[in-house]
Each structure stands twice: as C-alpha cells, then as structure tokens.
Amino acid sequence: MSLALTLPPQPVGPLLPPQQAPKPHRNFKFSDANFFLLAEATLFMVHSGMLRRCKMFSNMFGLPQTDNAKKQEDGYTRERPLFIPQVLAVELDVVLNFVYFEWPGPDFTVLGFLRLLALSDRFGIPTARDYALRSLNDLSIPPILRVEYGLLCEVEGWPEQGFMELMLKPLHDIADCDAHCASPDLLLAIVKARSQVDLLRRQTFVQIPDVPHAPTCSLGTRELCTATWRNAWCTGLCRLYLNPGEYAPVPEITDKLNAAAVANMDPACLRAVKDAIVRDKVLTRELELYDTELVKVRALTRTPRLYTPALPAPLFHSTPAGDDDMIETE
Ligand SMILES: [Zn+2]
C-alpha cells in the first residue's frame, strides 16, 4: 500500500492534544513502560532510559524533581501522556525507531529525509541527522526545500545553493507540493528577489553600455562603431544572458564577454567597452543583489518558523511491510 494513496494532505501534527481517547501504537507499547508520549491520537508507551538518548528528553529528565512532582507532570502516567505538538504519529514512530534501534527507517522520499533532518534537530538525535544528510547527498533536492530546510536545520551551503538555483531557473518549475512544504514568508522573499533579478537583466539588455569610441577607430564614425557594438550586445551576449529557459550565471556571462569578438569592430574600442562594463559593474551588480537578498532570506530564521504547515507529499516510497498501523493518524 502506498502512502501517497493513503495519506491525504494534512497539517503536520496538531497543535493541541486530541479530543478522542488515544490508541496505543502497534509496536511502541511496552508493558514495562515508564513514560508515555502522545502524537496526534497515538499513544507511545516507552522507557525514559531510552528517551534519554534524545537530547530533548535528557534535558527534560535532567531537571531535579521529586517523585511526587513527577506524578503531576505529563508523561509519567498512561492517563496523562506527554503530548508532542506538530509531529505526526508516523514521524514519532521514526524518531523512536532511531532512539531504540538506530534503525535507518523505511524507504524515505526526499521529503521524508528532510522531515527526518528537522525531527533529528528538534529531538536532538545526531545519528539521525547524519543519516538524513548522508542520504540526501545522493538525492536531488528541490531548490525551494533546500533553502527552507537548510535554514531550518542549519545545513552549511544549502541556503546559498538553493537560492542560486531559484534565481536562474524559471520559478514556475517549483512543484506545487514543494511550494506547500516551504514557509510562505520564504516563498515571498524568493519571488521578490527573483523579480529584482529579472528586472536587472532586462535593464541590462535595454540600457546598452556606451562605447568609449577611440579616435583611431577603424570604423571611422562613432555612430557606425556604436551600431556595430549594439548589434553584437543584443544579438550575441544578451541572447545567452536572457535565455528564457535558464539564465546563464554571472561568471559564465563574464567569461563570454571577455572572450567575445565583434566582427568589424576596432579592437581598441571593443577593449574599452569591455573595460567599462567591468568598471561600471554592469554584469556583476547582480552578485551584489544576490548578497542583499540572501541576507533578507537568512533573516527569516530569526522569527519562529512553524514546521511544514502541510504535508502534501508522502514521506516514504512504500509502507514498511506489515506496519500498516504506522500510517494511522487517528
Ligand atoms: Zn570605435
């Protein structure tokens, strides 16, 4: 049975405990359990000694408490389990499998690995983080999710890499299901940044750099020299620069400019216009724009970010055999 067919789009874990009575999880219902967790409406009956392997729980258990005080706290009795907000039962199952068995889990999708990465940070399980990052190395991560989870989970290089891909490829290539997994404020920041890049590239096409025409120019008149250059700029370099399929990156365009030869144009005039383009940062001002916009994107992490507000894609390629209960969300 495929999760894609059985798991409809839904919020990632409720914010509040369920109204209905919880149902024990199929596997994590140990008879000698001494700690009780609730994700959605699924009860996990586990051991505090094992949970200590998670930094989140070891910090919690590390607080000095008398036995009487513990009885008042959620988690210590089956009747009062500790509700974990914003996590699916299927996700807590994965977390507990890592805690108990360091089990690498079922066949995760890219989104599944990204969620595992976020959960490993939230619960404090370094082995799960390592496993998720190692596995994602070999997979193609949609750029919007690379930025989102790179910021959320502080993965070095991810925000920059994803951001650059989004600045060069058409934004309508972002799949709906990936967009739904990214924060709205991130999407807005990306759209605004990309709009500025589009504007800059169009301006560069329209506002053709002037030729610093040399008196010794073989073409004679400034008009003829300028017309020759304009033609080369619009039909040569800018065709690549404004390629509607995928923008050429700035370094590639700069290399093309350096290597560009213009038939009939005087070498001294061509050299002078190339130097002027570099001096006036006609092409490289885009790099400064990237830096400015990336600062804005990074600033988004300073506000509390909800975990993925909706889960429109499956976490696993297939349900682990015989574990159909894992996907139950009620
Ligand atoms: Zn000239």
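What share of the 330 residues in the chain is buried? In this predicted model, buried residues make up 32% of the chain. Its secondary structure comprises 15 helices and four strands.

The four strands form an open sheet with mixed pairing, in the order β1-β3-β2-β4. Because β1 (23-29) and β4 (82-83) stand at the edges, each with a single partner strand, one side of each is left without a neighbour in the sheet. Strands β2 and β3 pair in the antiparallel sense over five bridges, and L38 stands opposite L43 in β3. Helix α5 lies across β1, β2 and β3, running at about 15° to β3.

Attention can now turn to the nonpolar residues. In soluble globular proteins, nonpolar side chains tend to be buried together. Here, the largest nonpolar core holds 58 residues, of which L37, A39, F44, L92, V95 and L116 touch the most other members. At least two residues of this core come from each of β2 (35-39), β3 (42-46), α5 (89-101), α6 (110-123), α7 (126-137), α8 (143-152), α9 (158-168) and α11 (184-206). Leaving aside residues up to four places away in sequence, L37 touches F44, V46, G75, P81, L82, I84 and L92.

Technical notes: Residues are numbered from 1 along each chain as its sequence is written. This is a predicted model: local features need pLDDT of at least 70, side-chain atom pairs count only at pLDDT 80 or more; totals for chains, interfaces and linings use all residues. A nonpolar core is a set of buried Ala, Val, Leu, Ile, Met, Phe, Trp, Tyr and Cys residues joined through C-beta atoms within 7 Å. A residue is buried if 20 or more other C-beta atoms lie within 10 Å of its own, exposed if 12 or fewer, and partly exposed in between; C-beta atoms are placed from the backbone. Two residues are in contact if their C-beta atoms, placed from the backbone, lie within 7 Å. Two strands pair if DSSP finds at least two bridges between them. Axes are lines fitted to C-alpha atoms, for helices over the stretch in contact, and angles run from 0 to 180 degrees between N-to-C directions.
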